[in-house]
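User: Hey, could you walk me through this one? I'm new to reading structures.

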Amino acid sequence: MTVNGSGDPMDQARTLARWALGAAVAAVVLLLTGLGAAGVLVILGALVGLVCSAVGIWWFLAHRGPLRVSGALLAVGAPLAVLVLYVAWGPWLTGLGALASWSVALVCARASLRLIRDTNGGPARPRPKRRPRPKRPVLIMNPKSGGGKVARFGLVEKAEKLGARVVLIDPSVETDVAALAREAVAEGADLLGVAGGDGTQALVAAVAAEHDLPFLVISAGTRNHFALDLGLDRADPAACLDALVDGEELRVDLGSVSGRAFVNTVSFGVYADVVQLPEYRDAKAGTAVDVLPDLLQGGGGDRLDATADGLRLPAQQALLVSNNAYAAPDPFSAAAARRPRLDGGELGVIAVRVDGAAQAAEMAVLGTNSTGLNVLTAARVEVTGKAAAPVPVPASAFVPAPARAPGAPGTIAVAVDGEALTLPTPVVCTLRPRALRVLVPRHRPGVIEPQPPLDWRRITHIAFQTTSRSSGS
């Protein structure tokens, strides 16, 4: 895009930065001058509505009976009441104008920072390297994964036509997929691949990394977050096989939790306790809603002490450790709720501790600045379990899976790439930077470039610089 007829990216970045500041100022002016006394009422009402909605969600998740019903009504009713108040008493056209101006400010600011980043050779995604066609690829496929995607997309037939040997897992028998991968390596495989879920992907990826072999991801699982962040086509798993004939190689990080590899996330606390339940696989949402009150309030769940690079995180209810950090929520970024990079060399950490409705409200208002939420990155995370408070739990309530061994000293529930495990404490999470060679097709429809952080001080510096060149700092 050329702005004001200038082809100089630095001049374009400066112009976009000025537009961003101008639109931001316009949004503030509209809010301050256009809303008046009624506008102040609307703003206060919106804040109260946000707090009430957060309290309602907490009541719904952490309680049963009438309080749960009240929480559901409050969580839904508070936003509706604010909307009615806004339409009835607030100058909604002014509000829409302010929202539109702020949207323009965000879009222009992002575009300006991207231009500066690209021109100055900032931390863009490394280019993949072309690789010759593998001669003896071995692909392990789970025919049950993703509701039968292996058969539905004809993955076995296409893979064999491309020269791959396919090893089908028997769903009726417990199979050691890592052992299958090692056997394939011993027989001369020069590539390992998996059509299955992220948990299976991680087990075979560890073997590939151990022998420095390329690894092929086939998005035949239910969600396949790893494939998503690699930019692969999750709607057509067969397209992943194109890497066998026209592939490029990426070097990505591989996570390790107490010696076990993971490609996406390791979860501790509430979520890890829920996935231990046998009924969770058949009714995820219903099971979670049924047992959450006991986990959050009744003493059925673990409280966790953790340390992230020396920073203490005491008595956490939920802890998520990810292989590279997830992007911050951003409605103007396609990378929201995804990991923009898989080769950043750092773990992402999200720690949550909510002790009641008041803290839930604080988190809703303050976000990452609240006392109950920590979002950071670290090279090493160590997690230990704390004994739950001795509160009686009804027999009809939370009943852990037998493998969970509740109360067993020195163990905690862990969900590794969605798989339920019980590991001895302390549980240590680390990262092996660029340890995994991933072979991907040249055409990947979901590739997203990392977005620069939105920094208004830097936007102001770019907007008012006097030369046509920016230092990029």
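**Cores, then a sheet**

Analyst: The largest nonpolar core has 55 residues, and Leu139, Met141, Leu192, Phe226 and Leu436 have the most contacts inside it. A nonpolar core here is a set of buried Ala, Val, Leu, Ile, Met, Phe, Trp, Tyr and Cys residues joined through side-chain atoms within 4.5 Å; buried means under 20% relative accessible area (1.4 Å probe, protein chains only). This is a predicted model: local features need pLDDT of at least 70, side-chain atom pairs count only at pLDDT 80 or more, and totals for chains, interfaces and linings use all residues. Residues are numbered from 1 along each chain as its sequence is written, and side-chain values use heavy atoms, leaving out hydrogens and water.

User: What about a second core?

Analyst: A separate one has 25 residues, including Val257, Ala351, Val416 and Val427.

User: New topic: in what order do the six strands of the open sheet run?

Analyst: β13-β12-β11-β8-β15-β16, with antiparallel pairing. Two strands pair if DSSP finds at least two bridges between them.

User: Which strands stand at the edges?

Analyst: β13 (373-378) and β16 (419-424). Each has a single partner strand, so one side of each is left without a neighbour in the sheet.

User: And how many bridges join β8 and β15?

Analyst: Three, in the antiparallel sense. Val266 stands opposite Val416 in β15.

Conventions. Buried < 20%, exposed > 50% of the residue type's maximum accessible area, 1.4 Å probe, protein only. Helix = DSSP H or I, 4+ residues; strand = E, 2+ residues; numbered from the N terminus.
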